[in-house]
Amino acid sequence: MKLIPYDKFKIDTLNSPGKVLLIISENIGPRNLFSLVSAREYNGSVTKNGFLISKNIYYRNSFLPLIEGKVKPSINGSHIIVTMRLHALVLCFMFVWFCGVGIGCVAVLSHLDNFSFPLLIPFIMLFSGIIIVSGGFWFEASKQKTKLVELLTKN
């Protein structure tokens, strides 16, 4: 598992770009805010050259990857360049949070002469934040990478 919640990979398929975008659009449904079950696997949008989707899940995960795909024609079908990343607001919030915790860690390190257990709190928060962000993102990203490859390479 990588620490940075960002993944970029390429899928090669025998399907034409139009067929790839059709497959994606057939698997996109509206986001259901109050329902636990969705009719489609993803929500998002399709453009003429790509898509921006996220998985419909029945639980809350702020670190759910946004899946952006750019579809390009190739000799034998299509190249799909897929980028998985965090939502921009989540990324900004976590940046501010990690900066604050980092400042707390530096402050603790500058006062090591009077050590007590509460001084470990910023380090516990830093470690917990890394685990929560990485775990929440990579748990879903690994499943979605497998699902997308399966979905887009079948004929």
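1. Glu41 and Lys147 meet through their side chains in a salt bridge, with 3.6 Å from N to O. Glu41 belongs to the loop between H1 and S2 and Lys147 to helix H3, so this pair ties together parts that are 106 residues apart in sequence. The model is a predicted one. Side chains of opposite charge can pair when their charged atoms come close.

2. How accessible are the two partners? Glu41 has a relative accessible area of 22% and is partly exposed. Lys147 also counts as partly exposed, at 25% relative accessibility. Both values can be read against the limits used here: buried is under 20%, exposed is over 50%, and partly exposed is in between.

3. Lys147 has a further salt bridge, to the side chain of Glu150, at 4.0 Å from N to O. Glu150 and Lys147 both lie in helix H3, three residues apart, which is about one turn of the helix. Glu150 is partly exposed, with 48% relative accessibility. Salt bridges that share partners join Glu41, Lys55, Lys147 and Glu150 into one network.

4. How many salt bridges does a search of the whole structure find? The search finds six. One of them joins the side chains of Glu68 and Arg85, at 3.9 Å from N to O. This pair links distant parts of the chain, since Glu68 is in strand S4 and Arg85 in strand S5, 17 residues apart. Glu68 is partly exposed at 25% relative accessibility, and Arg85 is partly exposed with a relative accessible area of 26%.

5. The strands form an open sheet of five, in the order S1-S5-S4-S3-S2, with antiparallel pairing. Strand S1 (6-13) and strand S2 (42-46) stand at the edges; each has a single partner strand, so one side of each is left without a neighbour in the sheet. From one strand to the next, the twist averages 20 degrees. Strands of a sheet pair through backbone hydrogen bonds, either parallel or antiparallel.

6. Two of the pairings can be followed in detail. Strand S4 (residues 66-74) and strand S5 (residues 77-85) run antiparallel and are joined by nine bridges. In this pairing, Lys70 stands opposite Ile81 in S5. S1 and S5 also run antiparallel, with eight bridges between them. Here Phe9 stands opposite Val82 in S5.

7. Which helices pack against the strands? Helix H1 (residues 17-26) lies across S1, S2, strand S3 (50-55), S4 and S5, and runs at about 155 degrees to S4. H3 packs on the sheet too, touching S1, S2, S3, S4 and S5, and its direction makes about 10 degrees with that of S1.

8. Leaving aside neighbours within four places in sequence, Asp7 is in contact with Lys2, Val82, Thr83, Met84, Trp138 and Lys145.

9. Val82, one of those contacts of Asp7, has its place in strand S5. Val82 counts as buried, at 0% relative accessibility. Not counting residues up to four places away in sequence, Val82 touches Asp7, Lys8, Phe9, Ile11, Ile67, Glu68, Gly69 and Leu148. Gly69 is 13 residues from Val82 along the chain, and their C-alpha atoms are separated by 4.4 Å.

10. The surface holds a nonpolar patch formed by Leu109, Leu112, Phe115, Phe117, Leu120 and Ile124. Together these residues have about 610 Å² of accessible area. Leu120 lies in the loop between helix H2 (88-109) and helix H3 (121-153). At 31% relative accessibility, Leu120 is partly exposed. A residue needs over 30% relative accessible area to be part of a patch.

Note on methods:
Residues are numbered from 1 along each chain as its sequence is written. This is a predicted model: local features need pLDDT of at least 70, side-chain atom pairs count only at pLDDT 80 or more; totals for chains, interfaces and linings use all residues. Side-chain values use heavy atoms; hydrogens and water are left out. Patches are made of residues with over 30% relative accessible area and no salt bridge: like charges are joined within 9 Å, nonpolar side chains (Val, Leu, Ile, Met, Phe, Trp, Tyr) within 5 Å. Accessible areas come from the Shrake-Rupley method with a 1.4 Å probe; for residues, only the protein chains shown count as cover. Helices (H or I, at least four residues) and strands (E, at least two) are DSSP runs, numbered from the N terminus. Buried means under 20% relative accessible area, exposed over 50%, partly exposed in between (1.4 Å probe, protein chains only). Two strands pair if DSSP finds at least two bridges between them. Axes are lines fitted to C-alpha atoms, for helices over the stretch in contact, and angles run from 0 to 180 degrees between N-to-C directions. Contact means heavy atoms within 4.5 Å.
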